[in-house]
Amino acid sequence: KLVLSQLPNFWKLWISYVNGSLFSETAEKSGQIERSKNVRQRQNDFKKMIQEVMQCLVKLIRGALLPLSIPECGVRQYGGWGGGWEVKSELSGQWLAHVIQTIRLTYESLTALEIPNDMLQTIQDLILDLRVRCVMVTLQHTAEEIKRLAEKEDWIIDNEGLTSLPYQFEQCIVHSLQSLKGVLECKPGEASVFQQPKTQEEVCQLSINIMQIFIYCLEQLSTKPDADVDTTHLSVDVSSPDLFGSIHEDFSLTSEQRLLIVLSNCCYLERHTFLNIAEHFEKHNFQGIEKITQVSMASLKELDQRLFENYIELKADPIVGSLEPGIYAGYFDWKDCLPPTGVRNYLKEALVNIIAVHAEVFTISKELVPRVLSKVVEAVSEELSRLMQCVSSFSKNGALQARLEICALRDTVAVHLTPESKSSFKQALEALPQLSSGADKKLLEELLNKFKSSMHLQLTCFQAASSTMMKT
């Protein structure tokens, strides 16, 4: 206000002094010549005065808003920390954006007076520094906000097995970038905020940081122990049926289910959210977007893989561990056993346990079913193959019993076979003596069909999976 109320008059006075309109027309000729000599000498003095006013304005603003950008000796004189200003906390991005708007208007008013650009350069430099600072502060604030997103996870999933967290994350970044729109746009004569490589590098780093903080939030959520469910965000009115439903939701989730929900969110982030965010950055002319996307995708995939392996371990290990004691229960011996009458219980139990995994995954995310089950089947088939290869010798009945059980398992989970599990089943069968007669083959076929029809109901989940896979 002070500069804009005083400087224009000062400037006009100088213009009239230079062009002579300040002096009366009747002045003596000799005086005219004398004066024009004076004007030339004073030109530089006046320019210096204007520049001093500009520098004073700029230093005062820097002292208040960018204390680190002025030399130590100037800090006391122009405020700043340890000077006249009591800086309790860093200014917010919104405040800085407001300040930038004010200084831009000041700059426009001064250029309208036709003050030469070189005299106003310090104001332009200040505006650029403030714009860069505003971007940094806003991105740092966004990172803080995203840190708190984990507290907002309500574990309520939609039909795709997603919670609202990926959307909240994207919205957080969208709002942050929208608030910077005016700051990032270049007004006439302004340089791009991203002009300096150093700034590009810092902004890129802050953006990567935002993405990685969110990935860390997901990791924290995935490892929350069962009892540590946060109910502080629930209201006291427990009589409301809807609320009671959500409390029930929260308490009934096991750590495995939460692990699955986070995995499901990870898949969505990789396919959609992270790519959308890259587009938002691009729209606002951020640099190094490929690096931001590459680094954050790599961190996300690494987390996804780790959580997936944890889940498989939790689910497959008990099934794999039950095979050996199950096979040899009741002192069973491959060399000395009765003719097979059907698939034994240990295998049915293993299948029921695989079906239970299918049910748990299917309830949360249909998309994760093939990925999880193919891994569980790989682990089970590998163990079965190992056990068969450890057998020193089979009687004819033993070989038939083993073939029946290997084929029963392989045919049941056919939908989820991978090259690895196919190879395990192949090795398991190769460890057995060949079928010697047509009667044996017929018996094997009959027993297999009997098993499939008796367990038809339990095995339908694998059939359903095959039909949906064909559709896709």
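**Ground rules.** I kept to the residue numbering that runs from 1 along each chain as its sequence is written, and side-chain values rest on heavy atoms, with hydrogens and water left out. Since the model is predicted, local features need pLDDT of at least 70 and side-chain atom pairs count only at pLDDT 80 or more, while totals for chains, interfaces and linings use all residues.

**Entry 1: salt bridge count.** I looked up the salt bridges (a side-chain nitrogen of Lys or Arg within 4 Å of a carboxyl oxygen of Asp or Glu). The structure has 23 of them.

**Entry 2: a pair within one helix.** I found Lys 147 and Glu 144 joined by a salt bridge at 3.5 Å, N to O. Both belong to helix 5 (residues 117–147), and because they are three residues apart there, about one helical turn separates them. Helices here are DSSP runs (H or I, at least four residues), numbered from the N terminus. I then checked accessibility: buried means under 20% relative accessible area, exposed over 50%, and partly exposed in between, with a 1.4 Å probe and protein chains only. Lys 147 comes out partly exposed at 46%, and Glu 144 is also partly exposed, at 39%.

**Entry 3: helix 10 to helix 11.** Next I turned to Lys 301 and Glu 270, whose side chains form a salt bridge at 3.9 Å, N to O. This pair links distant parts of the chain, 31 residues apart: Lys 301 sits in helix 11 (residues 289–327) and Glu 270 in helix 10 (residues 255–283). I noted Lys 301 as partly exposed at 44% and Glu 270 as partly exposed at 28%.

Entry 4: Is Asp 304 buried or exposed? I read 8% relative accessibility for Asp 304, which means buried. Its salt-bridge partner is Arg 371, with the closest N and O atoms 2.6 Å apart. The two lie 67 residues apart, Asp 304 in helix 11 and Arg 371 in helix 13 (residues 368–390). Arg 371 is partly exposed, at 25%. I also noted a network in which salt bridges with shared partners join Arg 104, Arg 131 and Glu 190.

**Entry 5: the nonpolar core.** A nonpolar core is a set of buried Ala, Val, Leu, Ile, Met, Phe, Trp, Tyr and Cys residues joined through side-chain atoms within 4.5 Å. Which residues touch the most other members of the largest one? I found Leu 130 and Phe 169, out of 134 residues. Leaving aside residues up to four places away in sequence, the contacts of Phe 169 include Ile 146, Leu 149, Phe 214 and Ile 277, where contact means heavy atoms within 4.5 Å.
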